[in-house]
Every structure is written in structure tokens, then in C-alpha cells.
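Have the chains open while you read.

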Amino acid sequence: MVNLNVNLGRLQLKNPVMTASGTFGYGTEYSDFIDLSRIGGIIVKGTTLRERQGNPYPRMAETPSGMLNAVGLQNKGVDYFIEHIYPTVKDFDTNIFVNVSGSTIEDYIITAEKLNYLEKIPGIELNISCPNVKEGGMAFGTSCLSAAQVVKEVRRVYKNELMVKLSPNVTDISEIALAVEAEGADSISLINTLLGMAIDAERRKPVLSTITGGLSGPAVKPVALRMVWQVARAVKIPVVGMGGIMNATDAIEFMLAGASAVQIGTANFIDPTVSISVLEGIEAYLKAHHLSSVYDIIGQLEV
Amino acid sequence: MKKFMLDLIVKKNEILNDQYFLLVLSSDMPLPEILPGQFVEVRVDNTPDTFLRRPISINFVDYQLNELWLLIQKVGNGTRKLSTLTVGDTLNVIIPLGNSFTLPDSKDSNIMLIGGGVGIAPLLYWGSYLHERGYKCNFLLGGRSENNLLQLCEFTKYGNVYTTTEDGSHGEKGFVTMHSVLRGSNFNDIYSCGPTPMMKAVASYAAENGVFCEVSLENTMACGFGACLCCVTDTTDGHLCVCTDGPVFNITKLKW
């Protein structure tokens, strides 16, 4: 029997496999394919204070070993979530995190505060890769100062697990990680998508309506692995790794690099049952290596 | 409807011409219930050039033979790879996806199904479904030339077939919306699938004549089951997913 429990600060997960925001809807989209109660956690899609229509079509481009997206946080807003979606997800026997996005610090604060009162939402994942509209549109997560500021303000009002999701589009990700840790983040998840672009040469036009978009899938895995390793060495709080995980081996690599848990993202689109095979694969790996706990691999990279 | 991820077996891969092929798939298990207008997401294996599944509309379902037909045009790396499948190969699909066409109000309805190019694919299953239930169908099928007119023998089983080609090699010369049958008759229900400019022209014709009209859209998708929100189309209700709110939309809902 192997112990798959992991600690994420204020929260214990039954296993280290979670599903990433924006790739798993509200979980219900996957209930025909898997038993949702088996996974360690579900990060439901990006939620903002007010409803957002998202970006115009086309929002997606397939790229070598990955995809670009420019969905633009389409969602019906936090009040709609609380009233209509929360009742349908609250009884899932797993940890439901709401991914919180905003374009001003006030938006983040109000949204987080509203979610603070939901009994069956044990945590939020703060998406700080959004543009800060009051500061010229630069993403909150690309400077230590604005990243720290938003985490500090949200921490003031949010009392449950506060996971902060970092943007990889920075020069030194460990500096940002240290800044959010200092302001009270309980855990850090990374990486969000890498800024990329696709061009249709025949039409001489960008593929995406927004010209640039977020790259995900195995194409980003080596970058993600490097950043998880850097951040895990820099901070003391638990790190949740993601970026191109397609199978259990990928997940184990992230854990060896220092991730206490992982999130499966883009792979869900291709195989809606992948989270379960990753979970079973981690368990099989531990057994095969005669290890009794996931902590026997977390951060155990030998260098 | 419950969705399944299944390994189907290739029973036949019929090359229709240099551009199109028909995959006849089967399974050891009975196929789930599939409605006309629905689609599958197929996984393209053993190629480094494709990452995501490919959404393919369901061309025909034969429950007696436990067969599912996919009519596919070779357009890129994914569909080219699928064209190389041979009898006995397996194809992993997620099925059934999307909504379906709406049955006409009355069995006496004068029904017209208008398709262009590979967009005729879902209309065959829809036509057979209507025919089986006692509705009388007409099909108006168009293509650039004779080579792009597919499965005409199949369509004639379920109703009158009219054709147009842009080069005049088959049927009337021109676009489907220029066909004389649209001037002569009063249709009550029109269903269409094909290139967007064609569907827009059909939608204008239907709107001008006050005819009920549904179109089946084809947007690029990452998942096919409502998780990624990539395939949206702009509607009177905001951005809706073509994969779950569609692919079939009433034209009054679309902001075209």
C-alpha cells in the first residue's frame, strides 16, 4: 500500500493529481469518462468578477506537440458561479479550487472574498497572468511588485488555501515565487501558458484573432520542468507543477523536480481519462520502486 | 447523451477520389445511439504532425450492420494520415458529440437539405433518418466540379437529388443558391452544411423567404465536449460552443 496523500499548505489532497484550469470545465464535462472523486483536485475554469465573453473566434491553433489558445477567460462571472455552478459541483468528493482572475486588484479582492464563504471550495488558485488594466496592461505576474501586491490584498480577505499560479513569461521566475510566498501564498502552481504566436503563411495572417496566445502541451514541458525545479529550490511552500504532462512519467519528472502535486491540462482534451491513468501510473511507479509514499519522490532529483 | 471513448475497427476505407475517402467503422459492442448532426472526435495516431483530435461529422449509421461511416476530405496532415488506415486498424473516437438537427413540425413538410463539398456528410444520415420516419426529402448538393459531388447514389435512396457545379460538369452550373429548384418550390424546412459562404447564402435565402433553417457549423476545436471553449461562434446568446451548443444552429440565433 502506498501513501499518495500530499500536503498543500492548509490542505491535504488524497493524491497529487489535479486537473488544470481552463482544460477541465467545471468537472461535469468529464463525468461521462471518469470518476471525478478519484482525482486529488479540480481547478475549475478561470472566474472573474463580472461576466466575460472572451475573445473572438479563432481562439485556437494546433502547433507542433502543443496548441495555442486565446480563449480570453470566457466565463459568466463569480456570482453566476456561486448561484448556478457551485450547487452542481459542491458534492464532488474531491477538492474543488476556483481559478480567480481579474483586471484590477479590486476585482481580485471582491471575487476572492465572495468565494471565501463557500464551504465546499477549500481553495482558490490566483491567476496572476492577467493584464493589469490600470497599469498599462502588463500582467500582474510579470513584476515582483505587482505580483506581491495582488497576493497581499487577496490574502487579507481570503482565509482558505491560496494557491498562486505563476506566469512563465518572466526573466526570473524564482524572484516572483519568493515575492508571492512572502505575502502569504500557501502554495504556488506553475507554469501558466507561454506567450506564443502562429501564422498562416498562405493567407499572410495570424491564426488567432488576438494574434498572440498561450502555448501549452508537451512543447512547453522542458521549460516548465526547469521552472518548477528553480521555484521548488527557492521557496519553502509546496509547489504544484504543470506544463505538457501527458502521462505518469511526465508527472513523476515534475515531482522529482520538486512538485508536491501536478496538474494535467491540455492532455485532457486528447484523452479525457488521462488524469486517472496518471494517478494509476504514479502508484505503479512507487510500487515498482518499493517506495511507500509520494514524498519519496518529491524533490528527490539526484544531481 | 452519455459520451464514450471507444476503439472502433476499420471495416473499409473506400477511396472515393483523390480528395475524399469513406471510413466504415465497426465495433465488437453495439454502437451507442447517435443522432443526425452529431460528430466524433478521432485520435490520429502515429504521426508527429498532429496533436489534437479531429472533429469529423457522422455521415451514416447502420445499426443493423453496427457500422458508422465517416466521409472525410484530405485537407491537412491529420486527415491525410487517416486516409492511410486499412481494414482491421483501430481508430479511437469520442462519441457521440454535439446536438442534432430538429425534426420538422409536420410529415407533410416540404424539406430541403442543402450541402456543399464534404459538408454533405451529415446530410446523408439526416436524410435517411427523415426518410425512415416518413418525411419526404429533397437534396440540393453542390461542388466545384463533378469530383466534389459525393455519394449521389446514396442520397437518391432517400429523396430527390438536385445538383450544381461551379464548372457545369454536373447538374446546373453555378452555386447551390442559384439552382432553379429554389425558385420553383416553397420549402418549409431547410437544413444546410457546407462552406461558410454557402451556408450564409442559404441562410439569406431562408430568411428572405421566412423558412425555418438550421445550419451545421465546423469550427476548429481542441476537445469537442465543451471544456476548452475554443470553438465558439457569436450568437444572440453570446459566444456559444459549436461542440456542445451546436454544431447545428438555427440561423436566427447566429450573428452572421
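Which residue in strand 4 of chain B is the bridge partner of Val40(B)? Ile56(B) is the one to click on. Keep in mind throughout that this is a predicted model.

1. Strand 3 of chain B and its neighbours. The Val40(B)–Ile56(B) bridge belongs to an antiparallel pairing: strand 3 of chain B is joined to strand 4 (residues 54-57) of chain B by four bridges. Strand 3 of chain B also pairs with strand 7 of chain B, again in the antiparallel sense, over three bridges. There, Phe39(B) has Leu97(B) as its bridge partner.

2. Burial of that strand. Strand 3 of chain B spans residues 39-42 and is covered on both faces. Phe39(B) and Glu41(B) are buried on one side, while Val40(B) and Val42(B) are buried on the other. Do have a look at Glu41(B), as a glutamate listed among the buried residues.

3. Cis peptide in chain B. Strand 7 of chain B covers residues 90-97, and Pro96(B) sits in it. The bond from Ile95(B) to Pro96(B) is cis, with omega near -10°.

4. Cis peptide in chain A. Please check the bond from Leu190(A) to Ile191(A), which is also modelled as cis, with omega near 10°. Ile191(A) lies in the loop that links strand 10 (187-190) to strand 11 (194-197) of chain A.

5. Positive phi values. Leu73(A) is not a glycine, yet its phi is positive, near 55°. You will find Leu73(A) in the loop between strand 6 (66-69) and helix 1 (78-89) of chain A. With a relative accessible area of 22%, Leu73(A) is partly exposed. In chain B, Asn66(B) has a positive phi of about 55°, and its place is the loop between strand 5 (60-62) and strand 6 (67-73). Asn66(B) has 14% relative accessibility, so it counts as buried.

6. A helix pair in chain A. Helix 3 (residues 144-157) packs on helix 4 (residues 173-182) at an angle of about 30°, and their axes are 8 Å apart. At that angle the two helices count as roughly parallel, because the cut-off is under 35 degrees. The crossing of helix 3 past helix 4 is right-handed.

7. What the helices touch with. Helix 3 of chain A contributes Cys144(A), Ala147(A), Ala148(A) and Val151(A), which meet Glu175(A), Ile176(A), Ala179(A) and Val180(A) of helix 4. By class, that contact has seven nonpolar residues, one charged residue and no polar ones.

Note on methods:
Residues numbered from 1 in each chain as written. Chains lettered and ligands numbered in written order. Predicted model: local features only at pLDDT ≥ 70, side-chain atom pairs only at ≥ 80, totals over all residues. Heavy atoms only, no water. Buried < 20%, exposed > 50% of the residue type's maximum accessible area, 1.4 Å probe, protein only. Pairing = 2+ DSSP bridges. Axes fitted to C-alpha atoms, helices over the stretch in contact; angles between N-to-C directions. Parallel < 35°, antiparallel > 145°, perpendicular 65-115°, else oblique. Left-handed = near helix turned anticlockwise from the far one by under 90°. Contact = heavy atoms within 4.5 Å. Nonpolar A, V, L, I, M, F, W, Y, C, P; charged D, E, K, R; others polar.
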